[in-house]
Amino acid sequence: MKVERSGKNRLDIVMTGKIDSDAMAEILQQLITESEGIKDGTMLFDIVDFQMPTIGAIMVELSRLPAMLSFIRKFDSAAVLADETRIRKVSEWEGHLLPWLTIKSFHRDQKAEAEIWLASR
């Protein structure tokens with residue numbers, strides 16, 4: 001996973017491969033660090049090759065739930081790029097669980113459209 005600040009209020013996140021507990025701890029720290037100072041932000045997730053995280057990785061994420069909730073509240077929109085239909089559908093469903101966050105999914109070849117949608121938010 002790669003986390004990069006793109007402009008004042010946007011994070012670009014590339015996800016590929018399997019995430020174990022060590023990688024999850026590093027990723028969560030990157031998300032928190034890169035999001036410092038963001039308010040009403042946007043995120044662009046590019047899911048290249050998604051694999052379920054290990055149980056250890058999920059436990060690390062759950063142990064940092066308060067910090068992650070604080071992180072996610074800095075954002076009001078997220079675009080998800082994914083080739084797999086199920087990932088796009090699950091991503092949009094997750095948006096219904098977080099009423100302040102609008103999530104819209106796009107096929108990976110629709111990156112330009114996703115960026116336009118984010119810019120309009």
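**Close-up views of a predicted model**

View 1. Leu62 is found in helix H2; helices (H or I, at least four residues) and strands (E, at least two) are DSSP runs, numbered from the N terminus. The model is predicted: local features need pLDDT of at least 70, side-chain atom pairs count only at pLDDT 80 or more, and totals for chains, interfaces and linings use all residues. Residues are numbered from 1 along each chain as its sequence is written, and side-chain values use heavy atoms, without hydrogens and water. Together with Ile55, Met59, Leu65 and Leu69, Leu62 makes a nonpolar surface patch of about 500 Å². Patch residues have over 30% relative accessible area and no salt bridge, and their nonpolar side chains are joined within 5 Å. Helix H2 (55-63) and helix H3 (65-72) each give two or more residues to the patch, and the largest share, 3 residues, comes from H2.

**View 2. Asp40 in a loop.** Asp40 lies in the loop between helix H1 (21-34) and strand S3 (41-50). Although Asp40 is not a glycine, its phi is positive, about 55°. Asp40 counts as exposed because its relative accessibility is 53% (exposed means over 50%, buried under 20%).

**View 3. The largest nonpolar core.** Of the 25 residues in this core, Leu11, Ile13, Leu31, Met43, Phe45, Phe71 and Phe75 touch the most other members. A nonpolar core is a set of buried Ala, Val, Leu, Ile, Met, Phe, Trp, Tyr and Cys residues joined through side-chain atoms within 4.5 Å. Another core, of 7 residues, lies apart from it and includes Ala79, Leu81, Ala114 and Leu118.

Methods. Patch = residues over 30% accessible without salt bridge, like charges linked within 9 Å, V, L, I, M, F, W, Y side chains within 5 Å. Areas by Shrake-Rupley, 256 points an atom, 1.4 Å probe, with all protein chains shown as cover. Salt bridge = Lys/Arg side-chain N within 4 Å of Asp/Glu carboxyl O. Buried < 20%, exposed > 50% of the residue type's maximum accessible area, 1.4 Å probe, protein only.
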